[in-house]
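Here is a walk through one protein chain. Keep the sequence and the 3D view side by side as you read.

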Amino acid sequence: MAATPASAAPVATNGQAGPQVVCTSAKPGLADQLTHDIRTVVTAPEVTGSTSIALYDRVTKTSCTYDADRQHDSASAVKVIVLGALLRQTQDEHRALTDAERTLATKMITESDNDATTTLWKQLGLDRIREFLRLADMQRTVPDPDGYWGLTQINATDQLTLMKLFTASNAVLVDASRDYALDLMNQVIPSQRWGVPAGAPSGATVHVKNGWLQRTGGGWRVHSVGAFTGQGHDYGIAVLTSDHASMQAGVDVIENVARKVHADLNGTQAITSQKLRSRTLPAASDGSLVPENDR
């Protein structure tokens, strides 16, 4: 069945046309439903920052984008790239991860540990990280030239490319490496499992990594990227946000999008946003490596 495209009308911003929601799907009616539901979230009056969205569903051959090529400061979302580059390094060197590398990788992904990330970032070096990005076809992801990993420039398109890489056989990462990465993303500690997992079906295996960072004069960067597998599920979601007045505002946008997407893809009813407002979020910034005056 041919994919059916759908797109929302341009979003008006100061009288000018803005980004559009663009969805395609092989499942009749799904592209239109997703387009409507995502647009409802991103055009809500309370959404004042920048939001970028990309998603895929291999089961229904569905994809959606909204301002997906916009660049954002990565915060801790970059840690999945560091993990991918590390796993590629071990493949190139025909060796297993060392015990020290396993410990660092586990802390980096499951606890978002910044010291572990800095150690691995320095071990890999910018050349190897850039080479992994080239191999992974993450064409517009740009590491900060001064070495601040939290200021790597990322976009939703490339983040979704990485989720696709982790969830299907490919020439960049062998299956054992992919399984290891997904397993770590499935073990993220409870306090950091907010974001795109909101509204996920109970039967799905959730793999997630979030990032959150407050910058001087620029508001909050709050991101969530995840894949959902098992029991017939095979889809991924990336939602990146910038310039919100608070971390909670960014989380609200991400989770409102996620609940709509999960409900549409799985034929269920979205949970109302108010149910998640009482959850405790991590305090302040995630401490991503950024210039001192922006911490």
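Which hand does the disulfide of C23 and C64 have? Before the answer, a caution: this is a predicted model. A search of the whole structure finds one disulfide. The bond runs from C23 to C64, with the sulfurs 2.1 Å apart. The torsion about the S-S bond is about 115°, so the disulfide is right-handed. The two cysteines come from distant parts of the chain, 41 residues apart. C23 sits in strand β4 (residues 21-25), and C64 sits in strand β6 (residues 62-66). Both C23 and C64 are buried. In general, a disulfide is a covalent bond between the sulfur atoms of two cysteines.

Strand β6 leads on to strand β5. The two run antiparallel, joined by five bridges. The hairpin of β5 and β6 has four residues between the strands. There, K61 takes a positive phi near 50°.

On one side, S50, S52, A54 and Y56 are buried.

D57 has Y235 of β11 as its bridge partner. Y235 itself is buried, with a relative accessible area of 2%.

How many does a search of the whole structure find? There are two. One is formed by W194 and W212, and is edge-to-face. Their rings are 5.7 Å centre to centre, with 70° between the planes. This pair links distant parts of the chain, 18 residues apart. W194 is in the loop between α6 (175-186) and β9 (205-215), while W212 is in strand β9. W194 counts as buried, at 2% relative accessibility. W212 also counts as buried, at 3%. The rings of F228 and Y235 form a pair as well, with centres 5.2 Å apart and planes at 25°, so the pair is stacked. F228 is buried, with a relative accessible area of 0%.

F228 has a further link, this time to H233. H233 lies in strand β11 (residues 233-244). What does H233 touch, leaving aside its neighbours within four places in sequence? The contacts are P201, G203, A204, F228 and N266. With N266, the side chain of H233 makes a polar contact of 3.3 Å. The relative accessible area of H233 is 16%, so H233 counts as buried under the 20% cut-off.

Now turn to the nonpolar core. In soluble globular proteins, nonpolar side chains tend to be buried together. The largest nonpolar core here has 77 residues. Those with the most contacts inside it are I81, L83, F132, L162, M163 and F166.

Why is helix α5 described as largely enclosed by the rest of the structure? Eight of the eleven residues of α5 (residues 156-166) are buried, so the helix is largely enclosed. The buried residues are A156, D158, Q159, L160, L162, M163, L165 and F166. At the start of α5, a side-chain oxygen of N155 comes within 3.2 Å of the backbone nitrogen of T157. Further along, M163 is in contact with Y56, V80, M185, V225, G226 and A227, leaving aside its neighbours within four places in sequence.

The last stop is helix α6, where L184 is found. L184 is buried, with a relative accessible area of 4%. Leaving aside neighbours within four places in sequence, L184 is in contact with L83, A105, T106, I109 and T110. L184 and A105 are 79 residues apart in sequence. In space, their C-alpha atoms are 8.3 Å apart.

Methods:
Residues numbered from 1 in each chain as written. Predicted model: local features only at pLDDT ≥ 70, side-chain atom pairs only at ≥ 80, totals over all residues. Heavy atoms only, no water. Core = buried A, V, L, I, M, F, W, Y, C linked by side-chain atoms within 4.5 Å. Buried < 20%, exposed > 50% of the residue type's maximum accessible area, 1.4 Å probe, protein only. Contact = heavy atoms within 4.5 Å. Phe/Tyr/Trp six-rings, centres within 6.5 Å; stacked < 30°, edge-to-face > 60°. Disulfide = S-S within 2.5 Å. Polar contact = N/O pair within 3.5 Å; in protein donor to acceptor, adjacent residues only side chain to side chain. Pairing = 2+ DSSP bridges.
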